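Here is a note for a colleague who has not seen this structure before. Please read it beside the sequence and the 3D view.

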Amino acid sequence: MPQPLADPDFYRYDANHRFAAMYPLLARQIVDDFGITQGLCLDVGTGSAAVLIELAKITDLNLVGLDAQPEVLAMARENVARHALPPDRFRFLTADVTDIPLEDGSVDLLISRGSIPFWPDHTAAFAALYRVLAPGGAALVGCGFSRYQPIEEVRAMRPTWSGDGPKDERNAWKDDGYLPRVLDEAGVRGATVRRDPYGVWVEIRKP
Ligand SMILES: C[S@@+](CC[C@H](N)C(=O)[O-])C[C@H]1O[C@@H](n2cnc3c(N)ncnc32)[C@H](O)[C@@H]1O
C-alpha cells in the first residue's frame with residue numbers, strides 16, 4: 001500500500017510554494033553554468049518537478065523526472081499542466097537512484113536537488129548517475145538554493161535540520177572527506193565538490 005505523503009504541500013508547485021522564488025533562479029543558474037539547453041535532462045528525486053518545469057520554460061531540453069515515490073510523480077504531472085507546459089516534453093519514471101532505467105551515456109544534463117540526504121548508498125547512487133551521463137555532459141547534485149537569490153532569502157528558506165549538523169543523520173553526507181571518498185569509490189571523474197552559504201553541491205563534467 002502506498003504510504004500517505006509526509007508533506008503533500010511540498011509537492012504542489014504553484015506561486016504559493018515555500019520555495020517558489022528559488023526554482024526559476026536555480027534553473028537560470030544551471031543554464032548559465034553549464035550552457036546545456038538541448039538534449040536530455042534527468043532530474044533525480046524530482047518531487048514536484050519544479051526544477052524541470054522551470055528548465056522547460058527557458059530551454060529546449062527533453063525532460064525526465066525520476067522519483068522513488070509514484071504518488072509524487074502523479075503530483076508532478078499535475079504541476080506540468082498547472083504551468084501550461086506540453087506534457088509530451090516530460091517523462092516520469094518511478095525508480096530508485098541506484099537503478100535508473102535509462103541507457104548508458106544518454107543524459108546530457110543531470111540535476112538532483114534535495115534528494116541526496118535520503119539516499120541509503122551514495123557510492124551506488126553516484127555510480128548509477130555517472131553511468132547514464134553522456135561524455136561531455138554535466139551534472140549538479142546536492143542540496144541547497146540558488147546563488148542568484150539574496151542570501152537572507154536563502155537563510156529564511158533553509159530547513160532547520162540542515163543546520164543541526166551531526167545531530168541529524170540527513171546531514172551525514174556533508175561530512176568532510178565523505179563525498180570525495182564516495183565519488184572515488186563510484187569511479188566518477190571530473191567532479192568538484194562546492195560548499196558555500198547556498199548549499200553543498202557536486203558538479204560533474206564527464207570527460
Ligand atoms: C526534498 S524532495 C526534493 C524534490 C525536488 N528535487 C525539489 O528540489 O523540490 C526529495 C525527493 O527525493 C526522492 N527520493 C528520496 N530517495 C530517493 C531514492 N533513493 N531514489 C529516488 N528518489 C528518491 C523523494 O521521493 C522526494 O521526492
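1. Basis. This is a predicted model, in which local features need pLDDT of at least 70 and side-chain atom pairs count only at pLDDT 80 or more, while totals for chains, interfaces and linings use all residues. Residues are numbered from 1 along each chain as its sequence is written, and side-chain values use heavy atoms, with hydrogens and water left out.

2. Record. UniProt lists residues 42-140 as "domain: Methyltransferase type", in an unreviewed entry. UniProt positions follow the numbering used here, feature names are shortened, and annotations may be inferred rather than shown by experiment. In the model, the span of residues 42-140 is 33% helix and 29% strand, and its end C-alpha atoms lie 11 Å apart. Helices (H or I, at least four residues) and strands (E, at least two) are DSSP runs, numbered from the N terminus.

3. Strand S1 (residues 40-44) runs parallel to S2, and 5 bridges join them; two strands pair if DSSP finds at least two bridges between them. Leucine 42 has valine 64 in S2 as its bridge partner. S2 also pairs with strand S3 (residues 90-94), in the parallel sense and over 5 bridges. There, leucine 66 has leucine 93 in S3 as its bridge partner. Strand S2 (residues 62-67) has 5 of its 6 residues buried, so it is largely enclosed by the rest of the structure. Buried means under 20% relative accessible area, exposed over 50%, and partly exposed in between (1.4 Å probe, protein chains only).

4. Helices between these strands. S1, helix H2 (residues 50-58) and S2 form a right-handed β-α-β unit. Another right-handed β-α-β unit is made by S2, helix H3 (residues 70-82) and S3. A crossover is right-handed if, with the strands pointing away from the viewer, the path from the first strand over the helix to the second runs clockwise.

5. Strand S5 and its partners. Strand S5 (residues 133-144) is largely enclosed by the rest of the structure, because 10 of its 12 residues are buried. Strand S4 (residues 107-113) pairs with S5 in the parallel sense over 6 bridges, and isoleucine 111 stands opposite leucine 140 in S5. The chain passes from S4 through helix H4 (residues 122-132) to S5 in a right-handed β-α-β crossover. S5 also pairs with strand S7 (residues 199-205), here in the antiparallel sense over 7 bridges. Valine 141 stands opposite valine 202 in S7.

6. Ligand site. Which residues are closest to the ligand? They are Tyr23, Gly45, Asp67, Arg113 and Ser115, among 18 residues that surround the ligand; a residue is near a molecule or strand if one of its heavy atoms lies within 4 Å of it. A polar contact is a pair of N or O atoms within 3.5 Å; within protein, one must be able to donate a hydrogen and the other to accept it, and residues adjacent in sequence count only if both atoms are side-chain atoms. A polar side-chain atom of tyrosine 11 is 3.4 Å from an oxygen atom of the ligand. A polar backbone atom of alanine 68 is 3.3 Å from a nitrogen atom of the ligand. An N or O atom in the side chain of aspartate 96 is 3.0 Å from a nitrogen atom of the ligand.

7. Cysteines. With a disulfide taken as a pair of cysteine sulfur atoms within 2.5 Å, the count is 0 disulfides. Cysteine 41 is in no disulfide, and the nearest cysteine sulfur, that of cysteine 143, is 18 Å away. Cysteine 41 is buried, with a relative accessible area of 0%. Cysteine 143 also counts as buried, at 16% relative accessibility.

8. Positive phi. Most residues other than glycine have a negative phi. Alanine 49, in the loop between S1 and H2, has a positive phi of about 70 degrees. Alanine 84, in the loop between H3 and S3, has a positive phi of about 55 degrees. Are these residues buried or exposed? Alanine 49 counts as buried at 0% relative accessibility, whereas alanine 84 counts as exposed at 68%.

9. Segment before H1. Asparagine 16 is found in the segment before helix H1 (23-34) and counts as exposed, at 70% relative accessibility. Its C-alpha atom is separated by 16 Å from that of glycine 47, 31 residues apart along the chain.
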